[in-house]
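This short report walks through the fold one piece at a time. Keep the sequence and the model open beside it.

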Amino acid sequence: MNFHLTTPTRPQELATIYRQLLEPSFPAHELSPFDEIVTAWQTGQMDIQVARCGDLDLGVAIASWFETSDIVLLTWLAVSDRARGTGIGSTLLPRAIAHWERVLQPQLIIGEVEDPRRAAFHPHFGDPSRRWAFYRRAGALLIDVDFTMPRIYPDAPDTPMLLISLGGSRHRNLTHQPQPADPTGALTTFFRHYIASSAEGNLTPLRPQMQALLTSLPAATLRRAPEFSPHTRQ
């Protein structure tokens with residue numbers, strides 16, 4: 001299915017994307033409130049790439065960052081129900097990654113994906129194993145840390161996650177051997193901002209999962225993403 005990339009210019013367009021693409025694709029605890037997304041977009045800390053065919057928005061890729069774009073987070077990737085199985089996601093993701101690499105020039109473009117070894121199939125939100133295979137085909141690298149996604153809401157459950165890299169200058173320079181994931185400290189700095197801006201930032205002291213993440217990132221490695229199965233255990 002052919003489409004062109006565009007970006008919203010008005011909050012009303014973003015509201016349609018939120019309602020038609022994001023809300024059906026993510027559990028409520030993984031989706032920020034609409035007004036927070038608008039604020040990040042309007043203050044230049046978010047970029048939104050929409051796959052559009054005629055008047056139809058078929059998919060969206062959203063990236064966000066904090067003080068600098070050294071580290072960029074693929075915050076949400078969603079495809080409309082009508083376009084699933086047509087290859088929209090497989091085409092949208094690399095085009096969005098290439099756009100962010102060109103415009104933002106990050107060291108890493110990172111993502112959060114359910115761990116297929118621990119996350120269960122959901123009848124509405126899909127199969128974590130297929131999602132992991134999708135990102136592996138897209139060239140994902142594994143950032144080898146015990147990762148728990150910072151909670152957006154105080155009462156949100158912890159979802160088993162993996163931290164991955166999808167693009168950026170350091171991603172492109174990886175050889176066949178694992179490399180340090182955070183030699184400049186930019187990844188640790190990003191997660192300090194991420195945690196502080198989330199519901200985790202209101203907690204003193206930090207939850208053990210967040211403290212462990214910050215402690216482990218400076219020694220984390222970047223390596224080829226393994227082919228996990230739902231029955232694999234470390």
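In α6, the buried residues are Ala 186, Leu 187, Thr 188, Phe 190, Phe 191, Tyr 194 and Ile 195. Buried means under 20% relative accessible area, exposed means over 50%, and partly exposed lies in between, with a 1.4 Å probe and protein chains only. This is a predicted model: local features need pLDDT of at least 70, side-chain atom pairs count only at pLDDT 80 or more, and totals for chains, interfaces and linings use all residues. Residues are numbered from 1 along each chain as its sequence is written, and side-chain values use heavy atoms, with hydrogens and water left out.

Helices (H or I, at least four residues) and strands (E, at least two) are DSSP runs, numbered from the N terminus. Helix α6 covers residues 186–197, twelve in number. The expected span of a helix is 1.5 Å times one less than its number of residues.

What do the buried residues of α6 pack against? They pack against β3 (56–64), β4 (71–79), β5 (108–114), β6 (141–143), β7 (161–167) and α7 (208–216). Contact here means heavy atoms within 4.5 Å.

## Helix α7

The buried residues of α7 are Met 210, Leu 213 and Leu 214. Seen down the axis of α7, they fall within an arc of 95 degrees, so they line one face of the helix. The arc is that of the directions from the helix axis to the C-beta atoms. An α-helix has 3.6 residues a turn, so residues three or four places apart point the same way. Pro 208 and Thr 215 are exposed on the other side of α7. The cover over the buried residues of α7 includes α6.

The loop between α6 and α7 holds Pro 205. A cis peptide bond joins Thr 204 and Pro 205, with omega about -5 degrees.

## The loop between α3 and β5

Gln 105 is found in the loop between α3 and β5. Its phi is positive, about 50 degrees, although Gln 105 is not a glycine. Gln 107 is in the loop between α3 (88–104) and β5. Are these two glutamines buried or exposed?

| Residue | Relative accessibility | State |
|---|---|---|
| Gln 105 | 62% | exposed |
| Gln 107 | 18% | buried |

Not counting residues up to four places away in sequence, Gln 107 touches Asp 70, Ile 71, Gly 167, Gly 168, Ser 169, Arg 170, His 171, Thr 184 and Ala 186.

## Strand β9

Strand β9 (residues 221–224) pairs with β6 in the antiparallel sense over three bridges. Two strands pair if DSSP finds at least two bridges between them. Ile 143 stands opposite Leu 222 in β9. Strand β8 (residues 179–180) and β9 also pair in the antiparallel sense, over two bridges. There, Pro 180 stands opposite Thr 221 in β9.

## Nonpolar cores

A nonpolar core is a set of buried Ala, Val, Leu, Ile, Met, Phe, Trp, Tyr and Cys residues joined through side-chain atoms within 4.5 Å. The largest has 30 residues, and those with the most contacts inside it are Leu 74, Leu 77, Trp 100, Trp 132 and Tyr 135. At least two residues of this core come from each of β3, β4, α3, β5, α4 (128–137) and β7. The biggest contribution is that of α3, with seven residues. Apart from this core lies another, of 25 residues, including Leu 108, Ile 143, Met 161 and Ala 220.
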